[in-house]
Amino acid sequence: MSNTKQTLVILGSTGSVGQSTLKVVQLHPEKYQVVGLTANTNVADMFEQCQQFKPNTVVMADPQSAQELSSKLAQHGLSDIAVESGADALNQLAAMSSATTVMSAIVGAAGLEPTLAAVRAGKRVLIANKEPLVMTGDLFMREAKASGATILPIDSEHNAIFQCLPDDQSQRTVNKIHLTASGGPFRGRPWSELRDITPDQACAHPNWSMGRKISVDSATMMNKGLELIEAAALFQIPASKVDILIHPQSIIHSMVEYVDGSFLAQLGAPDMCIPIAHALAWPDRIQSGAETLDLAAIARLDFQTPDMANLPCLRLAREAADTGNSAPAVLNSANEIAVDAFLQGKIRFTDIAKVVEDTLSVMPESTVNDLENVLNIDNEARRIAGASLESRLI
Ligand code: NAD
Ligand code: MG
């Protein structure tokens with residue numbers, strides 16, 4: 001790699017992945033310079049990040065938060081940091097010419113347009129925000145090919161697979177991908193017993209500390225379903241070649257099985273700083289600040305086949321992956337609506353699967369040709385999921 005610094009935009013810098021990214025960047029000031037940061041409404045954390053990293057531009061999606069931040073920065077002599085707001089500003093920041101690298105770490109479909117803007121601008125794009133890939137699938141990867149963007153996966157499983165694939169990333173010699181799953185906080189418990197689970201219980205993941213939406217997805221196992229679709233899109237492999245394996249310790253982050261019977265696995269502590277450091281430095285390696293593994297202390301690694309009959313969200317995601325076309329986008333949009341309602345205490349934990357199932361059964365299947373198409377499907381699926389919610393309000 002050259003000696004020039006990578007200039008970095010972080011979309012969603014106040015979130016769990018955003019903050020871990022800044023932790024890694026902080027260890028290597030000679031290599032990375034933060035030029036742009038974005039968040040939705042978290043003014044307090046963004047103000048601290050501005051003081052520490054002095055970006056050129058900040059976008060707060062929410063206009064009132066942008067105003068608050070702007071006056072706070074002015075009071076502290078930091079008015080040379082430009083503060084903007086709104087969707088257009090977010091898309092422009094993601095594509096800005098002074099950035100070489102964009103970390104996509106907004107949660108949900110809100111990250112779709114800025115992430116695509118970075119891809120279309122041919123950036124080095126680090127993808128944590130999985131929902132846009134689930135929604136757009138091949139379309140996303142075609143855009144990357146057309147612009148020459150470099151796509152580097154941050155989701156720990158996909159980063160592991162990326163590390164275990166052949167150097168040319170070709171699938172010729174790959175038999176299967178084994179996506180590992182911790183099983184979340186309710187592993188082994190019957191789904192029917194989870195009716196009265198509260199948001200705080202669902203968000204208490206045994207191995208990983210994450211934002212609330214992905215924590216609920218991990219508890220329903222929808223996260224693994226989204227990851228199955230994400231893997232098929234990212235690595236251009238049929239979903240039928242992606243197997244899911246329960247591995248409670250979260251030490252092996254995923255595996256690639258080759259035609260000769262070799263399995264390559266990536267192991268590491270369950271700390272997002274590891275995949276983030278890997279992707280920031282790739283093809284080089286840098287320190288991540290994460291703890292190393294003491295395998296003798298861990299002593300054993302366990303594996304189980306997921307019980308699909310007890311995991312309705314994972315089953316729905318597998319079906320949507322097999323159906324293809326608009327089904328993954330519909331699954332994702334309905335899930336976002338349902339998880340948001342659950343987190344607000346409006347529906348029961350187990351109704352998340354019902355809202356997603358209702359939406360998939362009502363939405364006509366269509367093809368995904370372009371961004372406008374995807375946005376229309378997203379809108380319609382949200383409307384139908386909203387109607388399904390109404391009949392399930394607590
Ligand atoms: P989070 O909720 O902690 O952070 C989300 C970030 O997005 C925040 O900065 C927030 O301000 C911003 N944001 C939220 N809504 C927005 C909107 N409407 N417009 C603009 N910005 C908005 O989420 P997270 O846990 O960091 O996850 C981010 C993404 O990374 C998700 O797609 C998740 O699936 C994926 N991911 C996270 C982890 C993890 O360990 N947290 C691991 C793998 C993948
Ligand atoms: Mg993951």
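**Figure 1. The loop that holds Pro283.** Pro283 is found in the loop between helix H12 (273–281) and helix H13 (295–298). Helices (H or I, at least four residues) and strands (E, at least two) are DSSP runs, numbered from the N terminus. The peptide bond that leads from Trp282 to Pro283 is cis, and its omega is near 5°. The structure is a predicted model, in which local features need pLDDT of at least 70, side-chain atom pairs count only at pLDDT 80 or more, and totals for chains, interfaces and linings use all residues. Residues are numbered from 1 along each chain as its sequence is written, chains are lettered from A and ligands numbered from 1 in the order in which they are written, and side-chain values use heavy atoms, with hydrogens and water left out.

**Figure 2. The parallel sheet of seven strands.** An open sheet is formed by seven strands in the order S4-S3-S2-S1-S5-S6-S7, with parallel pairing. Two strands pair if DSSP finds at least two bridges between them. Strand S4 (82–85) and strand S7 (150–153) each have a single partner strand, so one side of each is left without a neighbour in the sheet. From one strand to the next, the twist averages 20°. Strand S1 (residues 6–11) and strand S2 (residues 32–39) run parallel and are joined by six bridges. Within this pair, Ile10 stands opposite Leu37 in S2.

Figure 3. Axes are lines fitted to C-alpha atoms, for helices over the stretch in contact, and angles run from 0 to 180 degrees between N-to-C directions. Contact means heavy atoms within 4.5 Å. Helix H3 (residues 63–75) lies across S3 and S4 and runs at about 170° to S4. In helix H1 (residues 16–26), the buried residues include Val17, Leu22, Val24 and Val25. Buried means under 20% relative accessible area, exposed over 50%, and partly exposed in between (1.4 Å probe, protein chains only). The buried residues of H1 pack against S1, S2, H2, strand S5 (101–104) and H12.

Figure 4. Strand S8 (residues 174–181) pairs with strand S10 (residues 252–258) in the antiparallel sense, over four bridges. Ile177 stands opposite Val256 in S10.

**Figure 5. Two loop residues with positive phi.** Gln236 lies in the loop between H11 and S9. Its phi is near 50°, a positive value in a residue other than glycine. Gln236 counts as partly exposed because its relative accessibility is 48%. Ser250, in the loop between S9 and S10, also is not a glycine and has a positive phi of about 50°. Ser250 has a relative accessible area of 6% and is therefore buried.

Figure 6. Asp155 and Glu157 are both buried.

**Figure 7. The largest nonpolar core and helix H15.** The largest nonpolar core has 130 residues, of which Met103, Ile151, Ile154, Phe235, Leu331 and Phe349 touch the most other members. Helix H15 (residues 327–343) gives the most to this core, with nine residues. A nonpolar core is a set of buried Ala, Val, Leu, Ile, Met, Phe, Trp, Tyr and Cys residues joined through side-chain atoms within 4.5 Å. Of the 17 residues of H15, 14 are buried. At 1.5 Å a residue, H15 should span 24 Å, which agrees with the 24 Å between its end C-alpha atoms; the expected span is 1.5 Å times one less than the number of residues. Just after H15, Gly345 takes a positive phi of about 75°. When residues up to four places away in sequence are not counted, Phe235 touches residues including Pro153, Phe162, Leu165 and Ile177.
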